[in-house]
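Dear colleague,

Please find below the structure that I am handing over to you. My notes on what was found in it follow directly after.

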Amino acid sequence: MLDQPLVLLDLETTGGNATSDRIIEIGLIEVHGGRVLREWSTLVDPQVRIPPWIEQFTGISNAMVAGAPSFAEIGPALHAQLAGKVLVAHNARFDYGFLKNEFRRQGLRYQAKVLCTVKLSRRLYPEHRHHNLDSLIERHGLPAAERHRALGDARVLWELLRVFQRERSPDELAAAVQMLLKTPSLPPGLDAEALEALPEGPGVYLFHGDNDAVLYVGKSVNLRERVLSHFSGDHRLNKDMRIAQQIRRVDWIETAGELGALLQEARLVKTLMPIHNQRLRRNRSLCAFQWEPGRAPQLVQAGELDFSRLDNLYGLFKSRRDALDCLRGLAEEHGLCQRHLGLEGGRGPCFAYQLKRCRGACVGEESAAAHDARLAAALARLRVQSWPFAGPVGLRERDAAGEREELHVLDAWCYLGTLRPGDALPDADTLRRQARFDLDTYTILTRYFAKHGRRLEIVELGAQRRVPPAA
Ligand SMILES: [Zn+2]
């Protein structure tokens, strides 16, 4: 691990926001081949006031930085010094983010392999809950002469790496570092900077190619991980390889949870028809059997019926042919009469009866009622679930932290959109006009309802005007 050139770095800043706050001190230690090559540190004039609590926390006052160089003065030399080296820092996204922003202000682009010692510690010592620097100093008995000064903290990182080397085998350490450094090699057409902002929460992502053509739509409970996994470099999927060659831009929509992501994905795939998503299920030919005892099952098209409100529907099938194949299969399996099922014309004994595969409903050997009872049993598992509510409802979904909240508006297994707290609700007629039954949404919702059952948070929307607050 220590074979490659490393820069152990710590920054002090005017605050915690990498875009609006500024660096006031930089401390770094260059390490190569397991040896310290040099230590360097400098105060930096942030050209804004250091807030009092930061002065107190770091011991760096406004007076101290008054004569120090600005970042503009040290930027080019620092940029050269960091080039080609692995950046090692504690909670590295913080330091990396600040450096990138300060360099950007100077028109310099900074990109490095980054090794976070919080993540490394967590991977090597998963039994411990806390991995902040104070906990690690105490746990490993590290010397910490100048805590909260940049070089002082960088030295703590060096001591920490040496503890890792003593306490863990070279193989174990190398594997952990490699895992953390495994930065995906991004496709050439993609701006790496733009991916920095990818959130780690649930949502939908869109890959765009030339002329903003939509290449692919996907969903995940961790957008960042999923998007980067497309470019992991090994291209196990041929599809990922083709996407990597064409991609120019990534967009995403954050959602409160998994259901929102699933519904949005299904809707976007249908409306945008991305090149690399699987062929769409065609609603046009979606159909089901409608059946009441005493009659043969009737094939009905999705467009002709309110699929959701009837309880005598069986299916659903992607095509007429799928539907007829399924009914024929049931007839053979259960010894039903194909003539009674409307699958065979003519009079007298059906063809299957002559082969002893029909129990004789066609010749009066089995009563119509007995045949119907067996047909009902055979069809039972295909029954289309009817919509369990009187009208449109909102299904509330919240993220784990309780910060993001969404209300998915649903009616008759149709997805009508997602609202935020306080949004105005469209009236029931408008909602009903927008409803388009769709097999993917039906499948997503019935599965989700079956899985979450009585934990679902449902809001009846009939009489409401606005998204009501959570109970
Ligand atoms: Zn028969």
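**Domains of the chain**

The domain assignment divides the chain into domain 1 (6–181), domain 2 (192–272), domain 3 (287–382) and domain 4 (393–460). Please bear in mind throughout that this is a predicted model.

**Domain 2 and domain 4**

The C-alpha centres of domain 2 and domain 4 are 23 Å apart. On the side of domain 2, 13 residues are in contact with 20 residues of domain 4. Between these two domains an area of about 1300 Å² is buried, and carbon and sulfur atoms give 61% of that area. The residues of domain 2 that lose the most area to domain 4 are A256, L259 and L263, which together account for 47% of what that side buries.

Helix α12 (residues 258–272) packs with helix α17 (residues 439–452) at an angle of about 170 degrees, and their axes are 10 Å apart. An angle over 145 degrees counts as roughly antiparallel, and α12 and α17 are therefore roughly antiparallel to each other. From α12, the contact is made by E258, L259, L262, L263, A266 and K270; from α17, by D440, T441, I444, L445, Y448 and K451. Sorted by class, the contact of α12 with α17 has 7 nonpolar residues, 1 polar residue and 4 charged residues.

**Helix α3 with helix α4**

Helix α3 (residues 71–82) and helix α4 (residues 92–105) pack with their axes 10 Å apart, at an angle of about 120 degrees. The residues of the contact of α3 with α4 comprise 5 nonpolar, 2 polar and 1 charged.

**Helix α5 with helix α7**

The axes of helix α5 (residues 117–124) and α7 cross at roughly 25 degrees and come within 12 Å. Angles under 35 degrees count as roughly parallel, and α5 and α7 are therefore roughly parallel to each other. The crossing of α5 and α7 is left-handed. T117, L120, S121 and L124 of α5 meet L157, L160, L161 and F164 of α7. This contact of α5 with α7 contains 6 nonpolar and 2 polar residues, and no charged ones.

**Two points on the backbone**

Two residues deserve a separate note when you inspect the backbone. H148 lies in the loop between α6 (133–140) and α7 (150–167). Phi of H148 is near 70 degrees, which is a positive value in a residue other than glycine. The other point concerns the peptide bond from G315 to L316, which is cis, with omega near -5 degrees. L316 lies in strand β11 (residues 313–317).

Yours sincerely

Notes:
Residues are numbered from 1 along each chain as its sequence is written. This is a predicted model: local features need pLDDT of at least 70, side-chain atom pairs count only at pLDDT 80 or more; totals for chains, interfaces and linings use all residues. Side-chain values use heavy atoms; hydrogens and water are left out. Axes are lines fitted to C-alpha atoms, for helices over the stretch in contact, and angles run from 0 to 180 degrees between N-to-C directions. Helices (H or I, at least four residues) and strands (E, at least two) are DSSP runs, numbered from the N terminus. Ala, Val, Leu, Ile, Met, Phe, Trp, Tyr, Cys and Pro count as nonpolar, Asp, Glu, Lys and Arg as charged, and the others, Gly among them, as polar. Angles under 35 degrees count as roughly parallel, over 145 as roughly antiparallel, 65 to 115 as roughly perpendicular and the rest as oblique. Contact means heavy atoms within 4.5 Å. Domain bounds come from an automatic or database domain assignment. Buried area is the accessible area (1.4 Å probe) that two parts lose on being put together, summed over both. A crossing is left-handed if the near helix is turned anticlockwise from the far one by less than a right angle, and right-handed if clockwise.
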